[in-house]
Amino acid sequence: MKKQIPTIRGTKDILPREIRKWQRVESMAKKVFELYGYREIRTPVFEATELFEKGTGETSDIVIKEMYTFKDKAGRSLTLRPEYTPSVVRSIIKNRLYLKPDPLRFYFIGPMFRYDKPQKGRYRQFHQIDIEVFREGDPAIDAEIVEMADYFLKKLRVYDTKTLVNSVGCKECRPAYIKDLRKKAEEIKKDLCADCLRKIKTNPLRIFDCKVKSCRETAQAFPNITDYLCQECEEHFSKFCDYLGLYGIKYKVEPRLVRGIDYYTKTTFEIISSKLGAQDAILGGGRYDDMMKEFGGPDICGTGFAMGMERLISVVPFEKEKGGFLYLAYLGEKAKRAGMELVQLIRREGMECLIEFKKKTLKSQMSRANKLGATWVLIIGDEEVKKGKYQLKNMQTGIQEEKDREEILDIIQKS
RNA sequence: GUGGGCGUAGCUCAACUGGUUAGAGCACUGGACUGUGGAUCCAGAGGUUGGGGGUUCGAGACCCCUCGCUCACCCCA
């Protein structure tokens, strides 16, 4: 074999056998989300780098080291989107969607790019299904999107999941928490790495997920955000939990949930699967009340979640659905011409039909039809062409009968 | 980004402590069977052992580099 051109690290092909699963998941997503009033939106794969620096957050791992950033020929700094939320926010502002009567509920399916170290359930190009709702500040909507995710997973027969929830406060209550974190961190400064010493000033929350294990252990003693929530956040969180109960969703409060993205306010949540191993989050999301305003748009709150397609698909059970199809076997040039015409007709009737243009014995054509799982084989040779009647064989029963064109089309329509 | 494991035919895997021409099963192609699938038997094709360098009389195996996969940590979807 000649030197092969490899795929790029962290990317992969999705082959025809697998694509059925993707199509099923995607169509189910569309069906379910539209039931809840969501509509599809598509935004560009690349955006101005600034969008993610401001949106995703300058202190997030994603922005610091995981973005595919490059300059175009005009020298602009562009980035392949590492997540979707900032793009929708940008799109809403640009298109003034908040002035239209339509609900601000969107879903989106597409590839994302992060320069991470690849492993199972983590790729450099991966796919997400996102949903976002805007201008709904009531905790009921937070509960509703969790309920929608839960329903969607159940429709796909994914049952072994856990729902984790938390509140990360807002710009009212978080400063006091950050301040206390800084104080705590200063006290034990000598136990922290150089990187964390910097984080004390920039974003002490990031100490929780330092690469150095001893820092993380030290941080165990730090206070939890849940003890610092202002009255509004406290109330929002308890109502959120209450509504989850109303929907019959079981959940667990996880005080350290979702620290890696800067923009979350109040509600955060995650749905995990025990089948996934280390990368166990099927979906994650939460509320982000300040992003729109910070991008120069109106003061409109937002909430939503993102689902990892690769992870989801790996836990969705699939039965091999196979629709019937007909394989046309022919012998000789005349039969081939008759076969080509018949195949055209059969396809017009809506049945999948395969004729392969290789010099093959009848035996090998039959064998191939069998291997491909054909429901019917239509056999044409000189005899059949002369008579205008063809051999139609049912591969399941093995029964073969002589049929003319009309009879064949009739049978196909019925099956 | 840190640490462990692994790369041999399309797939799953063999090949002893370094020793002839790198094997098997499945899959593929053909035949036994002149126009009839699944079973059986026979044959064929398929490899620069991921790539590069080194040690050696001799490397699939040992050493170094590199690429990729994988698992854990961490992060996230």
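1. Start with a group of rings: F33, Y107, F152, F269 and F305 make up one aromatic cluster. Before going on, bear in mind that this is a predicted model, where local features need pLDDT of at least 70, side-chain atom pairs count only at pLDDT 80 or more, and totals for chains, interfaces and linings use all residues. Residues are numbered from 1 along each chain as its sequence is written, chains are lettered from A and ligands numbered from 1 in the order in which they are written, and side-chain values use heavy atoms, with hydrogens and water left out.

2. How many aromatic pairs does the whole structure hold? The search turns up 13. Rings of Phe, Tyr and Trp (its six-membered ring) pair if their centres lie within 6.5 Å; planes under 30 degrees apart are stacked, over 60 edge-to-face, and the rest tilted. One of the pairs is F46 with F70, edge-to-face, at 6.4 Å centre to centre and 70° between the planes. F46 belongs to strand β2 (residues 46-48) and F70 to strand β3 (residues 68-71), so this pair ties together parts 24 residues apart in sequence. Helices (H or I, at least four residues) and strands (E, at least two) are DSSP runs, numbered from the N terminus.

3. (Buried means under 20% relative accessible area, exposed over 50%, partly exposed in between, with a 1.4 Å probe and protein chains only.)

4. Now look at Y84 and F108, a stacked pair with 3.9 Å centre to centre and 15° between the planes. Y84 sits in the loop between β4 (77-80) and α4 (85-94), while F108 is in strand β5 (residues 105-113), so to speak a link between distant parts of the chain, 24 residues apart. Both Y84 and F108 are buried.

5. Some rings have a charge over them, meaning NZ of Lys or CZ of Arg within 6 Å of the ring centre and within 35 degrees of the ring normal. K12 lies over the face of Y123, 4.8 Å from the ring centre. R124 has its charged end over the ring of Y115, 3.9 Å from the centre.

6. Finally, helix α13 (residues 362-372): Q365, M366 and A369 are buried there. They span an arc of only 100° around the axis (taken from the directions from the helix axis to the C-beta atoms), which puts them on the same side of α13. K363, N370 and K371, on the other side, are exposed. After α13 comes G373, with a positive phi near 80°.
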